[in-house]
Amino acid sequence: MNISLELVDDGYGLQVQSGNHSMMLDASQDIGGNDRGMRPLSLMLVSLAGCSSMDILYVLRKGRHEVRSYKATVHATRRDEHPRIFNGITLRIEVQTSAPDAVLARAAELTRTKYCSAFAI
């Protein structure tokens, strides 16, 4: 896995390239950024929710369960002192599916304990 970041303005704007995909990172205007992209720590939460979501969807679809809707939300808190690491993360999954509750519970367990690398970091 390789990514590259290139400064594209006089603030903190970074163009990110990963394979055939690109996106912007930036800082807020109150610290000299232009607010044109996501923050790095937000991307860590996206990685956690995205990795988990793909795992859960894979398990459901592999079991041939219908997925009518799916939504993941993340709420995180950070400590006040530097480094301002996360001190709490809540991942909430809402899914409408034909799968029984036991299958959903097992899919959630597998993403936490086996499949999702972001949980291990």
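**Close-ups of a predicted model**

View 1. Leaving out residues up to four places away in sequence, alanine 107 touches Ile56 and Val59; contact here means heavy atoms within 4.5 Å. This is a predicted model, so local features need pLDDT of at least 70 and side-chain atom pairs count only at pLDDT 80 or more, while totals for chains, interfaces and linings use all residues. Residues are numbered from 1 along each chain as its sequence is written, and side-chain values use heavy atoms, with hydrogens and water left out.

In soluble globular proteins, nonpolar side chains tend to be buried together.

**View 2. The disulfide.** You'll find 1 disulfide in the structure. Cysteine 51 pairs with cysteine 116, and their sulfur atoms sit 2.5 Å apart. The pair links distant parts of the chain, 65 residues apart: cysteine 51 is in helix H1 (residues 40-62), and cysteine 116 is in the loop between helix H2 (101-115) and helix H3 (117-120). Helices (H or I, at least four residues) are DSSP runs, numbered from the N terminus. To count as a disulfide, two cysteine sulfur atoms must be within 2.5 Å. Such a link is a covalent bond between the sulfur atoms of two cysteines.

Are the two partners buried or exposed? Cysteine 51 is partly exposed at 22% relative accessible area, whereas cysteine 116 is buried at 4%. Buried means under 20%, exposed over 50%, and partly exposed in between (1.4 Å probe, protein chains only).

View 3. Arginine 106 and glutamate 109 join their side chains in a salt bridge, 3.4 Å from N to O. They are 3 residues apart in helix H2, so about one helical turn separates them. Arginine 106 is partly exposed at 44%, and glutamate 109 is partly exposed at 34%. A salt bridge is a side-chain nitrogen of Lys or Arg within 4 Å of a carboxyl oxygen of Asp or Glu, and by this rule there are 6.

**View 4. Arginine 92 and glutamate 94.** This salt bridge has its closest N and O atoms 3.3 Å apart. Arginine 92 is exposed at 51%, while glutamate 94 is partly exposed at 37%.

Notes:
Helices (H or I, at least four residues) and strands (E, at least two) are DSSP runs, numbered from the N terminus.
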